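Open the model in your viewer and keep the selection panel at hand. The tour goes stop by stop.

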Amino acid sequence: SAGAMIPAVKLSPAAFSVTNQRSKSAFVPSVSILNMKKFASCSLRPLYLTRLDDPHTSELKPRRQLLDFRCAASAADDKESKAEVVPASSEVAQKLKISIYFATWWALNVIFNIYNKKVLNAFPYPWLTSTLSLACGSAMMLFSWVTCLVEAPKTDLDFWKALFPVAVAHTIGHVAATVSMSKVAVSFTHIIKSAEPAFSVLVSRFILGESFPMPVYLSLLPIIGGCGLAAATELNFNMIGFMGAMISNLAFVFRNIFSKRGMKGKSVSGMNYYACLSIMSLVILTPFAIAMEGPQMWAAGWQKALADVGPNVLWWIGAQSVFYHLYNQVSYMSLDQISPLTFSIGNTMKRISVIVSSIIIFRTPVRPVNALGAAIAIFGTFLYSQVSFY
């Protein structure tokens, strides 16, 4: 109406401040509303801004602050601002985690091979030794599940059906490798086992019908040539030891193939997957171990081991069994965190550490040409890991 008016609004610079609005609630713009009598009688006056040097606003001068403006991201940067950015600290933590996995994996594998060879030298029964390794790991994981230290996997009948061929191949490969190490030096077994990529390519090519790029086939030449040179110049060559390592290579290739085909869509962690694999392999292996060696041979061998070595052999058996499970468990846990290429390179470096450490600890005599063959085979394995994933 004609008697109404708009109140005058006095704004201080604090009204334009963008930041710290909550902490500066005392600087909210003061609104001076005329009393109701004047409000009703005065004529309509326009909205105006009062200067800070006005006498009526002199009390606000001590509260004067500089205008604080901050630039916001433009619309063009909106997509980048929404993009997922991995903090540098998280990337460093992930690399550190993988490094710890690798160092633990290699160290446990070296320790296992040392104690395994000690046991086999004093108690040469590889079938029982292999069975004890699986039994120890199975018992450790069952205890972890029962006590809820590790969450038990959710499995069904289809899972165990898919796992069965993997367990058969794993059992054969495990026993064959142990038989090999009972007959030859640890270093020689691992030199021959470095030829596993060649078996993988040959099986995939001639049995599964898969083809590979030419660099993959070329990388097999130094692997095969290096292993052949190392075998021909091995001072303590044994045919059973050589064939055991070769059979182990072939079995582990089929284990990997069955695992990739049968376990697709099965959501089981690496730790629990290997635990289930150990349990099923133990069930498969036990009757064969009894048939191949038997309690009578074990009892006689045990008495001889105690007479030759003493009670230390009991500690060696326990150590090799525990470390066998731990190093395999860590390797499967590592595979959950890294790419197959990184895992393959890590596996190659693991063999180098085992070969070198076993030669030093057991003082294995090595000819220069034998060492050259091992180096060529390991280098070929490294080349294969580089070209097979590109």
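**Stop 1: a helix pair**

This is a predicted model. Select helix α4 (residues 126-146) and helix α10 (residues 270-292): their axes cross at roughly 145° and come within 8 Å. The crossing of α4 and α10 is left-handed. Colour the contact of α4 with α10 by class: 15 residues are nonpolar, seven are polar and none is charged.

**Stop 2**

**Stop 3: the largest nonpolar core**

Which residues of the largest nonpolar core touch the most other members? Select Phe-123, Leu-163 and Leu-277; the core has 47 residues. Next, show the elements that give two or more residues to this core: α3 (88-122), α4, α5 (157-183), α10, α11 (294-308) and α12 (312-337). Helix α10 gives the most, with 11 residues.

**Stop 4: helix α14**

Move to helix α14 (residues 368-387). Its 20 residues should span 28 Å at 1.5 Å a residue, and the end C-alpha atoms are 29 Å apart, which agrees. Then select the buried residues of α14: Asn-370, Gly-373, Ala-374, Ala-377, Ile-378, Gly-380, Thr-381, Tyr-384 and Ser-385. Look down the axis: these residues cover an arc of only 155°, so they lie on the same side of α14.

Definitions and conventions
Residues numbered from 1 in each chain as written. Predicted model: local features only at pLDDT ≥ 70, side-chain atom pairs only at ≥ 80, totals over all residues. Heavy atoms only, no water. Helix = DSSP H or I, 4+ residues; strand = E, 2+ residues; numbered from the N terminus. Expected span 1.5 Å × (residues − 1). Buried < 20%, exposed > 50% of the residue type's maximum accessible area, 1.4 Å probe, protein only. Arc of directions from axis to C-beta. Axes fitted to C-alpha atoms, helices over the stretch in contact; angles between N-to-C directions. Left-handed = near helix turned anticlockwise from the far one by under 90°. Nonpolar A, V, L, I, M, F, W, Y, C, P; charged D, E, K, R; others polar. Core = buried A, V, L, I, M, F, W, Y, C linked by side-chain atoms within 4.5 Å.
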